[in-house]
Amino acid sequence: MWLQVSFLCLSCLTLPSQSQVQDRASLRRSNDNAGRCHYTFTVASPEESSCSGGGMKPEMDGVLSRLTLLEALVSRLIAGVDGGAGTGLRASGGEEGLQEAYSQVTRERNQLQQDKERLNGQVQELQRRLAELGREAESLRQKPCQQTHTSGGSQRENRPASDPAYDIGNGAYQEMKAEVTEVPASRLLPEGNHNFTGCGELQSVGDPVLHRKADTITGKYGVWLQDPEPQGHHYSNKTVWRIDTVGKDVRQLFAYEDMNQLSQGFPMKVLVLPEPMESTGATMYHGSLYYQRKRSHTLIRYDLTSESLASRRELPHAGFHGQHPYSWGGYTDIDLAADEQGLWAIYSTSKAKGAIVISQLDPESLEVKKSWETNIRKNTVANAFMVCGRLYTVASYTAPNTTINYVFDTATSEGRAVAVPFKNKYRYNSMVDYNHAQRKLFAWDNFHMVTYDIRLGRASQGSS
């Protein structure tokens with residue numbers, strides 16, 4: 001039996017007496033770099049205090065050979081010994097032990113591999129979130145601080161004292177006024193005119209209808225719309241256009257076949273604009289995208305059919321890059337709009353001292369055809385849009401229940417306060433644009449792309 005053979009080999013070693021072995025011999029067990037168990041048997045020489053440095057003696061060679069055999073026997077003894085009887089070794093038991101140990105090591109290795117993959121996934125997710133937060137921080141650094149104004153007679157000159165909406169020292173008046181003002185009875189539709197479909201004043205705005213939510217930080221605010229009067233055969237009035245405007249270099253224009261494709265998130269085409277865009281003031285009209293070039297008061301018309309820059313022109317004296325934005329910021333100094341009467345620019349100038357200026361533009365050349373100066377400051381309202389030649393302003397971009405609080409009619413050059421209820425369901429409305437073909441408002445409210453149905457009625461007395 002193997003156990004007897006091992007004891008026999010131990011007795012055959014040419015070593016000093018038993019007492020000397022106990023004093024000078026030692027058996028040490030350790031693991032090597034591969035994880036295998038090694039046994040080392042050490043015997044001190046009774047005759048020499050140090051190694052001679054010469055060749056190995058024949059007796060030492062014999063001892064080493066026997067030690068090697070002993071190590072092999074001890075290894076097999078430990079791997080296959082029968083713990084119950086202790087009378088011998090069984091080869092099959094040793095193989096089973098090795099197999100079980102191998103299986104355990106394999107399971108541990110697989111578990112470690114799974115843990116590694118899971119941790120790698122967490123690291124990638126954290127890196128992605130860090131990049132998104134970095135972009136968000138960059139956009140916030142670029143956002144201008146709210147300007148505070150002190151009231152002064154020089155800033156109010158040539159303004160009617162009866163118009164509290166232009167009180168520079170009372171910027172919060174706009175929203176408060178909107179909450180308490182009632183719609184005059186003269187503006188309500190008379191009996192029998194409920195099917196009125198012509199151009200008239202805004203009577204009501206419906207609840208927002210959600211079409212898609214942006215899924216990245218670049219979609220916190222942006223522009224989305226449909227062309228009310230498309231040109232050519234490449235695109236139709238069902239084509240949906242979208243631009244995410246968070247970022248340093250906004251150039252991508254996404255085209256979706258229709259609303260259903262937008263909701264699924266699959267664009268049919270991505271166009272690259274020739275010049276970077278600034279703000280959420282772009283609009284779509286007559287087969288072209290109209291927008292403001294970054295850090296300038298230059299307007300650009302981008303032809304969608306030829307996918308090229310069709311015309312460009314500076315908007316005279318217009319503020320840009322945070323000089324006269326809406327109250328939410330976003331460098332919304334120049335807001336382009338289209339309605340039943342054509343193409344418009346909503347902005348302000350140093351001469352107007354922050355009051356909203358409306359200019360009607362030539363759709364081909366972008367030349368200013370005519371301008372109007374209103375009595376409402378641009379930075380006291382959240383947004384504005386044009387309907388039937390009238391400017392409408394939204395009081396707040398965060399209040400869930402706010403109002404459309406001011407209207408200016410370009411036909412009469414007169415403006416007044418109104419109170420048409422308006423909902424910011426997601427509490428950060430950064431874009432409002434009118435589509436006269438669908439008679440809807442398109443808006444971008446805190447990652448959410450929504451539309452509002454509107455109702456127009458007969459104009460009140462004194463308006464056309």
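Trp-241 has Ala-255 as its bridge partner in β7. The model is predicted.

**Strand β7 and its partners**

Strand β7 covers residues 250-256. Most of the strand is covered, with 5 of its 7 residues buried. β7 pairs with β6, residues 240-244, in an antiparallel arrangement. β8, residues 269-277, also runs antiparallel to β7. The table lists the bridges for each pairing.

| Strand pair | Sense | Bridges |
|---|---|---|
| β6 (residues 240-244) and β7 | antiparallel | 3 bridges |
| β7 and β8 (residues 269-277) | antiparallel | 5 bridges |

On the β8 side, Leu-253 stands opposite Leu-271. On the β6 side, the strands form a hairpin with 5 residues between them. Gly-247 belongs to this hairpin and takes a positive phi near 145 degrees.

**Gly-287**

Gly-287 lies in the loop between β9 (283-285) and β10 (288-292). Is this residue buried or exposed, at a relative accessible area of 6%? Gly-287 is buried, because 6% falls under the 20% cut-off.

Which residues does Gly-287 contact, leaving aside neighbours within four places in sequence? Asp-227, Glu-229, Pro-230 and Gln-231 are among them. Tyr-302, Asp-303, Leu-304 and Thr-305 are also in contact with Gly-287. For Thr-305, the C-alpha atom is separated from that of Gly-287 by 7.2 Å. These two residues are 18 residues apart along the chain.

Technical notes:
Residues are numbered from 1 along each chain as its sequence is written. This is a predicted model: local features need pLDDT of at least 70, side-chain atom pairs count only at pLDDT 80 or more; totals for chains, interfaces and linings use all residues. Side-chain values use heavy atoms; hydrogens and water are left out. Buried means under 20% relative accessible area, exposed over 50%, partly exposed in between (1.4 Å probe, protein chains only). Helices (H or I, at least four residues) and strands (E, at least two) are DSSP runs, numbered from the N terminus. Two strands pair if DSSP finds at least two bridges between them. Contact means heavy atoms within 4.5 Å.
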